[in-house]
Amino acid sequence: MKEEEAREAYFELKIIEEQMKQLQRQLAQIEAGIAEFENAIKSVEELKGKSGEEAFVPVSAGIYAKSTIGDTESFVVNVGANVAVEKSGEETMKIIEKQVEEMKKYREQMMKGMQLLSARAEEIERMVCQN
């Protein structure tokens, strides 16, 4: 392998390495988002039939306000562009489940991208080692 080809292979490996690091960071964010939505599903389920019970509402990190749970049959859902609408518990669950499903699909696409990048990096390393 010529010196110029080796230099190009090195730079391509560095680019792939950075792309993989970026994908790993994005995957971590996706995983956190999935966990958050799954917790939201549990919370909606746990609220069923708890009207009138006392609860602590988070105000800030480690700070809570004492409150009484009101209507547990409907929820206010942000639908984007700072617009919130009232949805039934069932509708809310469907929205959250759809978001989880979409995030899982996106995670799969990202993992496939990681596999492609990894395969290319291995291919480059084999070419460099052979010469």
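Strand S1 gives the largest share of the lining of the largest pocket, 5 residues. This is a predicted model, where local features need pLDDT of at least 70 and side-chain atom pairs count only at pLDDT 80 or more, while totals for chains, interfaces and linings use all residues. Residues are numbered from 1 along each chain as its sequence is written, and side-chain values use heavy atoms, with hydrogens and water left out.

Let's stay with that pocket (an open set of points on a 1 Å grid over the protein atoms alone, where a 1.4 Å probe fits, with protein on both sides within 12 Å along at least five of seven lines; lining residues have an atom within 4 Å of a point). The space in the largest pocket comes to about 170 Å³, a volume being what probe spheres set on the points fill, with points joined across faces, edges and corners. Strands S1 (54-60) and S2 (63-68) are the elements giving two or more residues to its lining; strands are DSSP runs of E, at least two residues, numbered from the N terminus. Among the lining residues are Glu-53, Phe-56, Pro-58 and Thr-68. By type, the lining has 5 nonpolar, 2 polar and 2 charged residues (nonpolar: Ala, Val, Leu, Ile, Met, Phe, Trp, Tyr, Cys and Pro; charged: Asp, Glu, Lys and Arg; polar: the others, Gly among them).

Now hop to the loop between strand S3 (74-80) and strand S4 (83-88), where Ala-81 sits. Ala-81 isn't a glycine, yet its phi is positive, about 55°. Ala-81 is also exposed, at 76% relative accessible area (exposed means over 50%, with a 1.4 Å probe and protein chains only). Asn-82 is in the loop between S3 and S4 too, with a positive phi near 55°, and it is exposed at 78%.

Notes. Helix = DSSP H or I, 4+ residues; strand = E, 2+ residues; numbered from the N terminus. Buried < 20%, exposed > 50% of the residue type's maximum accessible area, 1.4 Å probe, protein only.
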